[in-house]
Amino acid sequence: MDQLKDKMLAMIYGRYPLEPTPIPEDLRSIRLPLGFMTLQLDNWRAPKVRKVNVMRSKVKLPRLEILALEIYPESCYDIPLLAIDFSCMKKKTFIYMNFIPLFRDEEYLQRYVERLQPVVSRYAI
């Protein structure tokens, strides 16, 4: 999962000059007693991008690792937020990708949500 995180960030860095944004230390890295769960959070910003958020979490039992990426566009751009989660269990891996609409007006939903309906219908569980 760390290799995937590094590759993903390298691709984003290749496209945007990312600047780290401060995160309170108690939220940046969380570890529960006995290491049952760990969570690491990183944030950046870039031109045209309000926030790039990467969260890495691990749970010992049941074994679960999650790498989450969210890209929030600046509010002046008419595009949805991108969210991708990579979840790995002992025997299965899941990838969840979603374009989350930032507005609810009909034209916006038609442009960004309705167009993806055939894909959603085909692959939704």
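The following conversation goes through a predicted model and asks how some of its labels were reached.

Biologist: What makes up the chain, and in which order do the elements run from the N terminus on?

Modeller: The chain has four helices and seven strands, and from the N terminus on these run α-β-α-β-β-β-β-β-β-α-α. Along its principal axes the C-alpha trace spans about 50 × 35 × 25 Å, and buried residues make up 30% of the 125 residues.

Biologist: Why is Cys 88 called buried?

Modeller: Buried means under 20% relative accessible area, and Cys 88 has a relative accessible area of 19%, so the residue counts as buried. Cys 76, in contrast, has a value of 64%, and because exposed means over 50%, Cys 76 is exposed.

Biologist: How many disulfides does the count come to, and by what rule?

Modeller: A disulfide is taken to be a pair of cysteine sulfur atoms within 2.5 Å, and by this rule the count comes to zero.

Biologist: What makes Val 113 partly exposed, and where does Val 113 lie?

Modeller: Val 113 lies in the loop between helix 3 (106-112) and helix 4 (117-123). Leaving aside residues up to four places away in sequence, Val 113 touches Pro 101 and Tyr 108, where a contact means heavy atoms within 4.5 Å. Val 113 and Phe 99, which are 14 residues apart in sequence, have their C-alpha atoms 8.0 Å apart in space.

Biologist: What is the volume of the largest pocket, and which residues are the closest to its centre?

Modeller: The largest pocket has a volume of about 600 Å³. It is lined by 16 residues, of which Tyr 96, Met 97, Asn 98, Val 119 and Val 120 are the closest to its centre. The elements that give two or more residues to this lining are strand 7 (93-100) and helix 4, and the largest share, six residues, comes from strand 7. By class, the lining of the largest pocket has 14 nonpolar, two polar and no charged residues.

Biologist: Where is Lys 48 found, and why is Lys 48 called exposed?

Modeller: Lys 48 is found in the loop between strand 3 and strand 4. Its relative accessible area is 54%, and since exposed means over 50%, Lys 48 is exposed. Lys 48 also has a positive phi of about 75 degrees although it is not a glycine.

Biologist: What is said of Leu 34, and why does Leu 34 count as exposed?

Modeller: Leu 34 has a relative accessibility of 78%, over the limit of 50%, and therefore counts as exposed. Phi of Leu 34 is near 65 degrees, a positive value in a residue other than glycine, and Leu 34 is found in the loop between strand 2 (29-31) and strand 3.

Biologist: Which residues have the most contacts inside the largest nonpolar core?

Modeller: This core has 15 residues, and those with the most contacts inside it are Ile 12, Leu 18, Trp 44, Val 52, Val 54, Leu 69 and Ile 71. The elements that give two or more residues to this core are helix 1 (2-15), strand 3 (37-46), strand 4 (49-59), strand 5 (64-73) and strand 6 (81-89). Ile 71 touches Ile 12, Val 49, Lys 51, Val 52, Leu 81 and Leu 82, not counting residues up to four places away in sequence.

Biologist: Which residues does a cis peptide bond join?

Modeller: The cis peptide bond joins Leu 61 and Pro 62, with omega about -15 degrees, and Pro 62 lies in the loop between strand 4 and strand 5.

Methods. Residues are numbered from 1 along each chain as its sequence is written. This is a predicted model: local features need pLDDT of at least 70, side-chain atom pairs count only at pLDDT 80 or more; totals for chains, interfaces and linings use all residues. Side-chain values use heavy atoms; hydrogens and water are left out. On a 1 Å grid over the protein atoms alone, a cavity is a set of points where a 1.4 Å probe fits but cannot get out, and a pocket is an open set with protein on both sides within 12 Å along at least five of seven lines; lining residues have an atom within 4 Å of a point. Grid points are joined across faces, edges and corners, and a volume is the space filled by probe spheres set on the points. Ala, Val, Leu, Ile, Met, Phe, Trp, Tyr, Cys and Pro count as nonpolar, Asp, Glu, Lys and Arg as charged, and the others, Gly among them, as polar. A nonpolar core is a set of buried Ala, Val, Leu, Ile, Met, Phe, Trp, Tyr and Cys residues joined through side-chain atoms within 4.5 Å. Buried means under 20% relative accessible area, exposed over 50%, partly exposed in between (1.4 Å probe, protein chains only).
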